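Q: I am new to this structure and would like a close look at a single part of it. Please take me through the surroundings of the ligand step by step.

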Amino acid sequence: MRLDVPDRDYMYSGHVGCPGCGAAIAMKFVLRALGDKTMMVLPACCWSIIAGPYPQSTLQIPVIHSAFETGGAVASGVRAALDAKGDKETCVVTWAGDGGTFDIGFQALSGAVERNEDFIYVCYDNEAYMNTGIQRSSSTPYGAWTTTTPGQDWKKMRKKNIVEVLVAHRIPYAATASIAYPEDLTRKVAKARSIKGSRFLHIFASCPTGWRIPSETAVKIARMAVQTNIFPLYEVENGSKYTINFMPKGYLVKEYFRLQGRFKHLTERDLDQIQAMVEEDWQLLLRKAGVRLQG
Ligand SMILES: Cc1ncc(C[n+]2csc(CCOP(=O)(O)OP(=O)(O)O)c2C)c(N)n1
Ligand code: SF4
Ligand SMILES: [Mg+2]
């Protein structure tokens, strides 16, 4: 099968991520879709390491490594500096993990998008603070083991719905995407690049190390997250126009959970409860998108 995505790479062939790292796959596709004239703000996260130690870098674009909590603020400053130089062409992109987005960088992100700063904010979501040893974030899903939710203290709170939080800011464009659907991802990045103002992309990026999965299953598991409705693919324009990009056939969440060591403690009853939560979220999304299903 030949993928219909640009073939010019903006990553060199080597990087220092773990084998099967979804965050590395996400970066590869996003940079291909953004093309030349891209500047990246990189708050502390696994990607601060994956890019390699100075003076080496796997990235073929200018990068600013920033403090963890400042992704939105630093991007605002870079945009202002480019504007002052008369450079309207270069696209400013913040690339942050879920911890740097849902939690610690949220204030700077919310401030920047409330001002409708002209930049793209990409959150690659591996559902925990991976770089520092798999600590739980507000993106970690209900039921997951992490080093701060060990044993019977597995996470009992549901994942924060970050796209809905961004949609509440009424930004021009917000979308979910997955490393398992590169054509959909590429189209959304290209669309985001063509829009002015604040744009937000939430990319599901498997983490073999933190999820306790074999590296070769990273893409399969990301695909299953979409096919089970755990991570639906959709986009929202101007805070109100919802479009669902993929209608799953409705696989059972159990199949997805059973492949991952981080969920191995869950009982059948826990998994039935999670199935009901997923269904509830999916029905809510369908209502927002104005989709009515029979039954
Ligand atoms: C203010 C501050 N607190 C804590 C850290 C330590 N730190 C660096 S990266 C990181 C985890 C980042 O998690 P996430 O944003 O989800 O990205 P991931 O590592 O999962 O790719 C932490 C806690 C820091 N650099 N700065
Ligand atoms: S810990 Fe996870 S996100 Fe970080 S480099 Fe390894 S696989 Fe990638
Ligand atoms: Mg993370």
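Which helix gives the most to the shell around ligand 1, and with how many residues?

A: In this model, which is predicted, the helix that gives the most to the shell around ligand 1 is H4, spanning residues 98–103, and it does so with three residues. The shell as a whole counts 17 residues, of which Gly99, Gly100, Tyr124, Ala128 and Asn131 come nearest to the ligand. Sorted by class, nine residues of this shell are nonpolar, six are polar and two are charged.

Several backbone atoms lie within reach of the ligand's oxygen atoms. For Gly100, a polar backbone atom is 2.8 Å from an oxygen atom of ligand 1, and for Asn131 a backbone N or O atom is likewise placed 2.8 Å from an oxygen atom of the ligand. Cys46 also takes part, with a backbone N or O atom that lies 3.0 Å from an oxygen atom of ligand 1. Taken on its own, ligand 1 has 590 Å² of accessible area, and the protein covers 75% of it.

On the H3 side the contact is made by Gly72, Ala73 and Ser76, while H5 brings Ala108, Leu109 and Ala112. By class, this contact of H3 with H5 has four nonpolar and two polar residues, and no charged ones.

How values were computed:
Residues numbered from 1 in each chain as written. Chains lettered and ligands numbered in written order. Predicted model: local features only at pLDDT ≥ 70, side-chain atom pairs only at ≥ 80, totals over all residues. Heavy atoms only, no water. Near = heavy atom within 4 Å. Polar contact = N/O pair within 3.5 Å; in protein donor to acceptor, adjacent residues only side chain to side chain. Areas by Shrake-Rupley, 256 points an atom, 1.4 Å probe, with all protein chains shown as cover. Helix = DSSP H or I, 4+ residues; strand = E, 2+ residues; numbered from the N terminus. Nonpolar A, V, L, I, M, F, W, Y, C, P; charged D, E, K, R; others polar. Contact = heavy atoms within 4.5 Å.
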